[in-house]
Amino acid sequence: MKDIMRIKSLLSEEIETLINQQIKKEAHSSSIYLSMASWCNRNGYDFSADYFFKQAEEERQHQLKFFKYVLDMGGNAISPDVNNIKQEYNSFREVFEEALEQEVSVTQSIKNIAARCHKEQDYVTLEFLNWFFREQREEEYKARRALELFEVIGEEGTGRWQIDKHVGQISYDSEA
């Protein structure tokens, strides 16, 4: 029966496995952003907390997009366990450093899926991934800009308050 089902799936086992790993990565990212939102909220960085709540929801939507794609292609999407989420950060800046690291890691993971798609000539999945590449370009840009605020504004005096205030105003215009 498994062989018959595999014939009905438009995904190879390897690509399906990679996408299921990506589903877990997106769920993990969402949980990390929730943790960051919680830390920011507890430490009085309300605008940053809102920013990370939005990021958490975006990552969850990415997870669902991958999940539904696997199902649409006749595969088996796996709902992941998420654990080992960091709850405490040493500084406001560390939260944003780790957010950028998380986005870069997600981009690399998607690139790995795309590389496998090229190798297998799975152009349908490759086309599906293009949306995520555009999204990651925006996410990495916003994470870098947020981190740059620490250099531009500085953390002394009211600096952290100013950074917190500006984080939610960062936007990306791909047409510029």
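Here are some notes on this predicted model, point by point.

1. **Ground rules.** Because this is a predicted model, local features need pLDDT of at least 70 and side-chain atom pairs count only at pLDDT 80 or more, while totals for chains, interfaces and linings use all residues. Residues are numbered from 1 along each chain as its sequence is written, and side-chain values use heavy atoms, with hydrogens and water left out.

2. **The main core.** Start with the largest nonpolar core, which has 26 residues. A nonpolar core here is a set of buried Ala, Val, Leu, Ile, Met, Phe, Trp, Tyr and Cys residues joined through side-chain atoms within 4.5 Å. "Buried" means under 20% relative accessible area, "exposed" means over 50%, and "partly exposed" is in between (1.4 Å probe, protein chains only). The members that touch the most others are Met36, Trp39, Cys40, Phe52, Phe92, Val95 and Phe96. At least two residues each come from α2 (13–42), α3 (46–72), α4 (92–120), α5 (123–153) and α6 (159–167), and α2 gives the largest share, 6 residues. Those helix names follow DSSP runs (H or I, at least four residues, for helices; E, at least two, for strands), numbered from the N terminus.

3. **Aromatic pairs.** Now for the rings. Rings of Phe, Tyr and Trp (its six-membered ring) pair if their centres lie within 6.5 Å; planes under 30 degrees apart count as stacked, over 60 as edge-to-face and the rest as tilted. By this rule there are 16 aromatic pairs. Take Tyr51 and Phe96: their ring centres are 6.3 Å apart and their planes sit at 35°, so this pair is tilted. It joins distant parts of the chain, with Tyr51 in helix α3 and Phe96 in helix α4, 45 residues apart. Tyr51 counts as buried at 9% relative accessibility, and Phe96 is buried too, at 2%. Phe96 also pairs with Phe52, again tilted, at 5.1 Å centre to centre and 45° between the planes. Here, too, distant parts of the chain are linked: Phe52 is in helix α3 and Phe96 in helix α4, 44 residues apart.

4. **The aromatic cluster.** Look for one cluster made up of Tyr33, Trp39, Tyr45, Tyr51, Phe52, Tyr89, Phe92, Phe96 and Phe150. Elsewhere, the charged end of Lys65 sits over the ring of Trp131, 4.2 Å from its centre. The rule for that is NZ of Lys or CZ of Arg within 6 Å of the ring centre and within 35 degrees of the ring normal.

5. **A salt bridge across the chain.** Side chains of opposite charge can pair when their charged atoms come close. A salt bridge is counted when a side-chain nitrogen of Lys or Arg is within 4 Å of a carboxyl oxygen of Asp or Glu, and the whole structure has 11 of them. One joins Arg42 and Glu88, at 2.8 Å, N to O. Arg42 is in helix α2 and Glu88 in the loop between α3 and α4, 46 residues apart, so distant parts of the chain are linked. Arg42 is partly exposed at 43% relative accessible area, as is Glu88 at 49%.

6. An α-helix has 3.6 residues a turn, so residues three or four places apart point the same way. There is also a network of salt bridges linking Glu14, Arg116 and Glu120.

7. **Helix α4.** This helix has 29 residues and runs 43 Å from its first C-alpha to its last, close to the 42 Å expected at 1.5 Å a residue. The expected span is 1.5 Å times one less than the number of residues. After α4 comes Gln121, whose phi is positive, near 60°.
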